[in-house]
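Thank you all for making the time this morning.

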Amino acid sequence: MRFLPALTRAAALGAATILAATALTACGDDTSSDAAGNPYGLAQPGVLRAGTLTDAPPNVYLKDGRFTGFDNDLLTAVASKLGLKVEFVGTDFSALLSQVNNRKFDVGSSSITITEARKKTVDFGNGYDFGYFGLDVPAGSPITGFDQLAGKRVVVVQGTVQDDYATGEQLNPVRVPDYNGAINQLKAGTADAWIAPAEIGEKSAADSNGKITVAAKQLSPAPTAYAVAKGGDKLREALNKGLDEVIADGTWSRLQAQYYPGRPVPADFHPGSGSVTVPAAASASASASAAS
């Protein structure tokens with residue numbers, strides 16, 4: 001009879017051990033389930049939260065309350081290949097990369113040129129577009145080229161590759177938070193020139209009622225890509241795979257023709273991994289016409 005308390009205690013300890021093991025197993029199952037339901041580590045499973053801009057057509061902008069433009073429409077197509085819905089949120093470019101790395105956004109979509117400096121903050125997918133620097137000036141300006149900017153009041157959007165260029169050329173640029181700020185400086189005559197993404201600069205000039213003209217443009221030194229947080233390899237690899245798929249099925253070419261009609265693609269530029277065939281421009285134009 002004296003052995004009964006000891007046996008009872010032993011049975012209780014055994015039961016506790018079994019319960020603990022069961023609990024650990026259950027926790028392991030939850031983790032596996034979470035990974036299966038959210039393989040890319042998104043803030044909200046199934047939803048790709050994208051930080052973008054509202055004022056940079058034809059790349060990224062708002063139209064009738066909807067985020068659109070080449071970059072955003074392309075991202076929506078890529079996300080669809082992954083079974084994801086995109087939720088766009090407007091922000092300033094100067095804050096975008098840090099917001100991506102802090103995981104406020106799953107991805108940054110804003111014609112972000114890949115640079116070594118930016119690689120210290122975020123990781124980049126494969127390049128999906130190329131671009132040119134544009135030089136916008138007030139109507140009647142004597143400035144006709146980038147080599148005439150020394151000593152001039154040059155405006156740039158803070159944190160952009162155009163900012164990097166102007167700083168590297170020791171132009172001591174005036175930095176503004178967004179493209180509207182740069183346009184307003186030119187219209188008001190408080191800036192002599194604006195170094196802009198060429199397509200954005202061209203559209204801004206066309207919409208200025210003759211107050212702004214494009215003086216020159218030159219090819220940007222690196223491609224643009226979507227940005228993800230450091231270490232977000234699964235999402236980055238998935239976006240790369242989806243990008244190759246929308247290149248192969250003609251979506252990339254169709255959007256190029258839609259947003260940049262007549263713009264030639266440099267011979268040495270290969271979007272995505274470079275391993276897929278890009279449909280011919282004629283096919284892209286025909287697709288764009290059919291979609292109109």
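Let me begin with the surface: the accessible surface of the chain comes to about 14,500 Å², and 53% of that belongs to carbon and sulfur atoms, the areas being calculated by the Shrake-Rupley method with a 1.4 Å probe, where for residues only the protein chains shown count as cover. Please keep in mind that this is a predicted model, in which local features need pLDDT of at least 70 and side-chain atom pairs count only at pLDDT 80 or more, while totals for chains, interfaces and linings use all residues. Residues are numbered from 1 along each chain as its sequence is written, and side-chain values use heavy atoms, with hydrogens and water left out.

Of the 292 residues of the chain, 47% count as buried, where buried means under 20% relative accessible area, exposed means over 50%, and partly exposed lies in between, again with a 1.4 Å probe and protein chains only. The chain has nine helices and 13 strands; these are DSSP runs numbered from the N terminus, helices being H or I with at least four residues and strands being E with at least two. If we take contacts with a separation of 6 or more, residues 24 or more positions apart account for 71% of them, a contact being heavy atoms within 4.5 Å.

Now to the sheet. Five strands form an open sheet in the order β10-β9-β11-β8-β12, with mixed pairing, and two strands are said to pair if DSSP finds at least two bridges between them. The edge strands are β10 and β12 (212-219), each of which pairs on one side only. From one strand to the next, the twist averages 30°.

Strand β8 (residues 132-138) runs antiparallel to β11 and is joined to it by four bridges; here L135 stands opposite I195, and G134 has A196 as its bridge partner. Helix α5 packs on the sheet, touching β8, β9, β10, β11 and β12, and its direction makes about 150° with that of β11, the axes being lines fitted to C-alpha atoms, for helices over the stretch in contact, and the angles running from 0 to 180 degrees between N-to-C directions. Helix α6 also packs on the sheet, touching β8, β11 and β12, at about 125° to the direction of β11.

Just after α5, G189 takes a positive phi of about 75°.

In helix α4 (residues 161-168), V161, Q162, D163 and A166 are buried, and what covers them includes β6 (107-113), β8, β9, β10 (174-176) and β11.

Finally, E202 is found in helix α6 (residues 198-206) and is partly exposed, with a relative accessible area of 34%. Leaving aside residues up to four places away in sequence, E202 touches V214 and K217.
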